[in-house]
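This report describes a few local features of one protein model. Look through the sequence and the structure before reading on.

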Amino acid sequence: MDVSPTLWAVTILGLAALIAIDFFIGRKPHDVSVKEAGIWTVVWIVLAALFGLGLWAFGGSQPAGEFFAGYITEKSLSVDNLFVFVLIMAKFAVPSHLQQRVLLVGVIIALVLRAIFIAAGAAIIASFSWVFYIFGAFLIYTAWKLVQEARKGDEEDDWEENRLLKSIEKKFGVADRYHGTKLFIQVNGKRVLTPLMVVMLAIGTTDLLFALDSIPAIFGLTQDPYIVFTANAFALMGLRQLYFLIGGLLKKLVHLSYGLSVILGFIGVKLVLHALHESGVHVPEISIPFSLAFIGGVLVITTITSLIASKKQEKLEKQAELENQKNQQTPENQDSQAAEGDQTPKAGVDA
């Protein structure tokens, strides 16, 4: 898709305007309700759908299909980010009324860093077609690693600060408590970071690690930098509202890692086939409509099986709790309680 500098400028300005509106509406720190999160989640999904339809109208079905496939993939991968975001919020004990501000700024930082990644990736792909082999192999390895981590269960339930964040904290210093929405304060004549600034940087830089697999994944669906960037932007900008909307449901998506591993493995194979095709080897290439259907199907199946498994687990836990309560009321315990009751002095006997 041939994108002019003017279209790039209009798109970036349009996204900046949407971010400004989102920031203006949520400028006052507050607890985000499920209703508010639901409304804004729908708004961002509708905006993404309208953008995709606009691509269809002006560019044809190919770029539109690539956008929707990329958007759904990035959205599903970003849901996995929310697990880590929950851990970060708990690690820094972020007050509930400040969490929406943290996520908004953190997502903006992530979007800027991803834009740099996308530009670098596009330049590398344009110069070296063999990089598709590396991207494909990396995604297949990541898929295998996701399966291994999923099989381990919830053993790793903590989050550790990355080196970049630790170096920033060491250089500037961090205040001992939150100071509203302030990012810097003066302590003994020295300007130091507030915990709010640190957690914003934590969200933004941690997402950069997720971009290591999500960026190659979307390049496996399209090599158009414009579509890659816009799909990432729309997926990330709806992430804040999604955090508050499905925060309580994240633990129920027990098979999400398996679904994401299947998707990443599928795109990895697609990249390898594309690389072979570019090298002159006659191999079948996977079409965008098939990719879109496959990714959507995997996500639907994963969600359904996750909810079924979670429901069964909740039922087993409830049964175990009932049995535990019954065991506490054994005949021995009842006889012991009765004996203790008989030893209680009766009113009027001593008199």
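## A buried threonine

Thr302 touches His255, Leu256 and Gly259, leaving aside residues up to four places away in sequence; a contact here means heavy atoms within 4.5 Å. Thr302 lies in helix 11, residues 288–327. Helices are DSSP runs of H or I with at least four residues, strands are runs of E with at least two, and both are numbered from the N terminus. Thr302 counts as buried because its relative accessibility is 10%, where buried means under 20% relative accessible area, exposed over 50% and partly exposed in between, with a 1.4 Å probe and protein chains only.

## Basis of the model

The model is predicted: local features need pLDDT of at least 70, side-chain atom pairs count only at pLDDT 80 or more, and totals for chains, interfaces and linings use all residues. Residues are numbered from 1 along each chain as its sequence is written, and side-chain values use heavy atoms, with hydrogens and water left out.

## A strand hairpin

Strand 1 (residues 184–187) and strand 2 (residues 190–193) run antiparallel and are joined by four bridges; strands pair if DSSP finds at least two bridges between them. Ile185 has Val192 of strand 2 as its bridge partner. Two residues stand between the strands of this hairpin, and Asn188 takes a positive phi near 55°.

## Two helices in contact

Helix 2 (residues 34–59) packs with helix 9 (residues 239–246), their axes 8 Å apart. The axes are lines fitted to C-alpha atoms over the stretch in contact. Among the contacting residues are Trp40 and Trp44 of helix 2 and Phe244 of helix 9.

Conventions
Axes fitted to C-alpha atoms, helices over the stretch in contact; angles between N-to-C directions.
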